[in-house]
Amino acid sequence: MLSSSSKYAINAVLYLAVNASVDKKIRATEIAEAIGVPSPFLSKLLQILSRERKLSSAKGPKGGFYLTDEEKQLHLIEVVKSIDGVDRLEDCVLGLKKCSSEQPCPVHFAVQPFKNKFLQELEENTIEHFAEKVKKGEAYLFI
């Protein structure tokens, strides 16, 4: 349902929400190593998110990426929209072009409730909400 790009971006944003601040910026290479993704690819994703104002960055020797308090209040769906748009979340899981409730694929009705709930979670909950789960040990960001 999510592209690798969106998965990497979500992991990076949550890593920043947990570990970075205005006073403690983190470089893309450190984020990439921590979450186990290719650094050049992640750098491009972080640049997109920075341009779209989903996260902040600073250049220079003490530069890097971080989230402001305002950015932490963005809903997680905003990260996905910046990277992939929402069409990918609405696409057929089997890749059929005309899958819908009127013309369902074989697994449409089994998957649709999950997809709807997942989209609802991303739309209703903030970056900070998911970061708090990591901070409390209720969820994890693994390599």
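Reader: Which element gives the most to the lining of the largest pocket?
Author: Helix α1 does, with four residues. A pocket here is an open set of points on a 1 Å grid where a 1.4 Å probe fits, with protein on both sides within 12 Å along at least five of seven lines; lining residues have an atom within 4 Å of a point. This is a predicted model, where local features need pLDDT of at least 70, side-chain atom pairs count only at pLDDT 80 or more, and totals for chains, interfaces and linings use all residues. Residues are numbered from 1 along each chain as its sequence is written, and side-chain values use heavy atoms, without hydrogens and water.

Reader: How much space lies in that largest pocket?
Author: About 230 Å³. The lining has 15 residues, and those nearest the centre are Ile 10, Asn 11, Leu 14, Leu 76 and Phe 130. Two or more lining residues come from each of α1, α7 and α8.

Reader: What is the lining made of, by class?
Author: Eleven residues are nonpolar, one is polar and three are charged (Asp, Glu, Lys and Arg count as charged).

Reader: Back up a bit. How many helices and strands does the chain have?
Author: Eight helices and two strands, taken as DSSP runs of at least four residues (H or I) and at least two (E). From the N terminus the order is α-α-α-β-β-α-α-α-α-α. The C-alpha trace spans about 55 × 30 × 25 Å along its principal axes.

Reader: And what share of the residues is buried?
Author: Of the 143 residues, 38% are buried, meaning under 20% relative accessible area; exposed means over 50%.

Reader: Which residues have the most contacts inside the largest nonpolar core?
Author: Leu 16, Ile 31, Leu 42, Leu 46, Leu 55, Val 79 and Ile 127, in a core of 35 residues. Such a core is a set of buried nonpolar residues joined through side-chain atoms within 4.5 Å. Helix α1 gives the most to the core, with eight residues.

Reader: Tell me about Ile 127. Where does it lie?
Author: Ile 127 lies in helix α8 and is buried, at a relative accessible area of 0%. Beyond four places in sequence, the contacts of Ile 127 (heavy atoms within 4.5 Å) include Val 13, Leu 14 and Ala 17, along with Leu 67, Leu 76 and Val 79. Gly 63, 64 residues away in sequence, is 22 Å from Ile 127, C-alpha to C-alpha.

Reader: And what does Ile 31 touch?
Author: With residues up to four places away left out, Ile 31 touches Ala 12, Tyr 15, Leu 16, Ile 26, Leu 42, Leu 46 and Phe 65.

Reader: New topic: is Lys 54 buried or exposed?
Author: Buried, because its relative accessible area is 13%. Lys 54 sits in the loop between α3 (39–51) and β1 (56–58).

Reader: What about Arg 53, buried or exposed?
Author: Exposed, since the relative accessible area of Arg 53 is 69%. Arg 53 is also in the loop between α3 and β1.

Reader: What is the phi of Arg 53?
Author: Positive, about 65 degrees, although Arg 53 is not a glycine. Most residues other than glycine have a negative phi.

How values were computed
Buried means under 20% relative accessible area, exposed over 50%, partly exposed in between (1.4 Å probe, protein chains only). Grid points are joined across faces, edges and corners, and a volume is the space filled by probe spheres set on the points.
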